[in-house]
Amino acid sequence: DVTVPGGARLGTAGVTFVTVLPTHRRRGILRRLMRRIIDGAHESGEPLAALTASEATIYGRFGFGQAVPMVEWRLDSTRAEWRSDAPGGRIELVDRSEARGVVPALHDAACARPGMFARSEFLWDVYELEDESWMRNGHSERRIGIYHGASGPEGYVFFRTKLGGRGSVLVTEMHALTGDAYRALVGFTAGVDLTQRVRFQRRSTDEPMRWMLADSRAVRRIEGEYMWFALVDLRAGLEARTYEADGRVVLDVTDSFCPWNQGRWLLEVDAGRAACSPTDADPDVSLPVSELAALFMGGRSALPMVAAGRIEASPENAVQLDAMFRTRVPPWSLEYF
């Protein structure tokens with residue numbers, strides 16, 4: 001399940017480790033694999049599909065759009081002077097069994113954000129807290145820190161270290177429920193002895209880290225596309241999320257892979273909730289379903305897509321589409337699959 005704008009959780013088909021042997025390429029095998037996956041999701045009532053792509057040119061043809069960006073923040077900890085004192089509370093390093101009793105609840109509390117995936121008991125037991133040697137890529141074993149504030153556990157961090165040279169800390173996952181927890185966890189990773197750099201992987205676009213530093217240039221932000229989503233059931237997906245602005249727009253959607261999505265749809269939003277129905281009215285916006293999927297989570301703007309010729313709309317309709325779909329809190333996907 002993945003959270004969509006407004007807080008609803010929708011069943012989502014996760015697509016992972018798709019590969020075709022070099023001896024069998026150019027035979028339509030990938031298309032048949034995707035056909036099986038999407039048809040299966042449609043038949044089981046999953047409105048969405050999601051994946052992370054090794055190549056950016058493959059999955060648009062199957063309706064997937066670049067919906068959730070990913071940011072890696074790189075902190076030079078030798079220049080990390082903070083604008084405020086470290087908060088009270090304490091950080092405790094725990095082992096896997098102790099983390100199992102605390103971390104899932106902290107993760108679930110953060111899952112109200114669009115783009116976040118729920119994690120099953122199975123995932124926590126056999127994957128999320130695993131630390132096999134092949135996962136380390138030259139770094140140390142994974143360590144887990146939990147921040148305890150006035151109300152109890154308020155955040156956690158998964159990190160590894162690599163010594164030698166300048167030394168570095170690799171933060172593979174971090175969740176903070178409060179500003180104090182965020183400040184404490186970032187400060188903790190920046191204070192690890194014999195290290196001078198911290199890499200925060202798979203972070204959101206609206207991190208407050210830069211605003212906490214006296215020298216804002218001590219941290220760099222590197223952004224790229226990350227989580228791709230497809231609207232397996234366009235109508236169910238559009239009606240499940242909420243919208244920032246009310247309005248009415250006729251969408252002319254092209255979808256050769258999911259023909260049940262193709263056609264003109266009237267999207268009417270009132271008090272943030274949408275009704276979506278087929279229509280014969282003249283379109284206000286014409287776009288491939290992959291571009292609609294890119295807009296779906298609320299983290300992308302329609303205006304650059306119009307300027308690039310990916311979406312056909314008048315300036316007024318482009319602004320209206322943007323106002324409806326964009327969210328105040330940008331989406332964030334932490335999973336890797």
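Predicted model: local features only at pLDDT ≥ 70, side-chain atom pairs only at ≥ 80, totals over all residues.
Across the whole structure, the search identified 23 salt bridges. One of them joins the side chains of R166 and D76, with an N to O distance of 3.7 Å. R166 belongs to the loop between β8 (152-162) and β9 (168-176), whereas D76 lies in strand β5 (residues 64-76), so the contact ties together parts that are 90 residues apart in sequence. The two partners of this bridge were also examined for solvent accessibility. R166 is partly exposed, its relative accessible area being 39%. D76, in contrast, has a relative accessible area of 17% and is therefore buried, as the cut-off for burial is under 20%.

A further salt bridge links the side chains of E141 and R143, at 3.4 Å from N to O. E141 has a relative accessibility of 35% and counts as partly exposed. R143 is likewise partly exposed, with a relative accessible area of 30%.

Within helix α7 (residues 234-240), E239 pairs with R235. The closest N and O atoms of this salt bridge are 3.8 Å apart. E239 and R235 are separated by about one helical turn, because they stand 4 residues apart in the helix.

Key: Residues numbered from 1 in each chain as written. Heavy atoms only, no water. Salt bridge = Lys/Arg side-chain N within 4 Å of Asp/Glu carboxyl O. Helix = DSSP H or I, 4+ residues; strand = E, 2+ residues; numbered from the N terminus. Buried < 20%, exposed > 50% of the residue type's maximum accessible area, 1.4 Å probe, protein only.
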